[in-house]
Amino acid sequence: MTDARLRYGRASLALSFLVQGVTFALLVTRIPAIQDRYGISDGLLPVFLAAVPVLAGVASVATEKVVARVRPGIVLRWAQPVVLLALLGVGAGSEVWHVAVALGLFGLAVGALDASMNMMGVSLQRAYGRSIMLGFHAAYSLGGIAGASMAWAGAHWDLSLLVSYLPAVVVLLPAALIGSRWYTEGKAGGAPLAADPGHGASVPFRLLLPLCLVMAFAYIGDSTVSNWSAKYLQDVLGGSEQLATLPYNVYMVTTLLGRAVGDLGVRRFGAVSVVRGGSVLAAAGFAVVAVAPGAWWGMLGFTLLGLGLCVIVPQTFAAAGRMFPGASDVAVARLNVFNYVGFLVGSPLVGALGDAWSYRGAMLVPMVLVLATLVYARSFGAEPDRYGGGHERARAADVG
């Protein structure tokens, strides 16, 4: 495979991550507006929020079967437009069943999209022979910043959901389709090791389980920010509706910063140290949010959260690719399900604890779970790294 083709493939995949960051941010940062538009009660809201990850998990499992017949790039090429159109449907409806159908379609499409994007990212990282996975997720964070900023503008000028969503879809849909022309899947150099547990189609669950737990814990934390930060800042910390759109934006800015330098940190210090540091920092962020006396202290907590959580998910996918180089698509698809397990557990858990006890107390639960990542940090170690000695493989040419 030529260096130019890898560069184009890397750029086109980064564009897909960016588009998905915009799309997801536009959805989650306008949850209060969606709730008001369709008259969804506080008791029913967690059901809607839970339905999306359930359907996404089903689609991720199905994607594992689909990519046995067609390449992940084909799945991604068609899943991304469906996600964008489903977002538009959320803004265009007028009845509760309209938003239910749109969110259901969004969930199914986003499951296929997330699985196929990360399959391709792991494959390209193996072809590069060095850590680039955090860079793809940095593009997602950049998209999240853009999407959250659009959401803030929509709330500031009191725009309808449809007016807020339509310009983004009009621009991003053709961009994603054009970019998909250059999708490339890297191939690992060299034959798999004879004792490699990932050789062939077998992915023993007991070997993948530590990474699955880490993924679930990280997304419980992430879903807490995505689904509850706006309501928390507005209802608990007394922020305005406009200010309530900012925590997710702050969170995405700090994830962008962390991921922009994260690959360098992995190359220099190794994945274990980076994941441990991120877990401790994220736990500190949840602690600050839980005890914050006002909205701006809450912002500080979300800042720490972004810097800490940002490294965990990309490194979990990368670790699965290293552990099962002969079946990385299967490993990533199964691991991606625990992305949605985290969302499924985190969103209703925080809501239930907030209603029954307090939302401040509810923030302590993801704090404890993120700290539990320290127990499994060794699963990210260099020992199963198939790229070569240490953390990097020697390469003749830098492809981007």
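Reader: Where is G121 found?
Author: This is a predicted model, where local features need pLDDT of at least 70, side-chain atom pairs count only at pLDDT 80 or more, and totals for chains, interfaces and linings use all residues. Residues are numbered from 1 along each chain as its sequence is written, and side-chain values use heavy atoms, leaving out hydrogens and water. Helices are DSSP runs of H or I, at least four residues, numbered from the N terminus. G121 lies within residues 96–128, which is helix α5.

Reader: Is G121 buried or exposed?
Author: Buried means under 20% relative accessible area, exposed over 50%, partly exposed in between (1.4 Å probe, protein chains only). G121 has a relative accessible area of 0%, so G121 is buried.

Reader: Which residues does G121 touch, not counting those up to four places away in sequence?
Author: Contact means heavy atoms within 4.5 Å. With that exclusion, the residues that G121 touches are L13, M133 and F136.

Reader: What angle lies between the planes of W228 and Y359?
Author: Rings of Phe, Tyr and Trp (its six-membered ring) pair if their centres lie within 6.5 Å; planes under 30 degrees apart count as stacked, over 60 as edge-to-face and the rest as tilted. The count comes to 6 aromatic pairs. W228 and Y359 form a tilted pair, 5.8 Å centre to centre, with the planes at 45°.

Reader: Which helices hold W228 and Y359?
Author: The pair links distant parts of the chain, 131 residues apart. W228 is in helix α8, and Y359 is in helix α15 (residues 359–362).

Definitions and conventions. Helix = DSSP H or I, 4+ residues; strand = E, 2+ residues; numbered from the N terminus.
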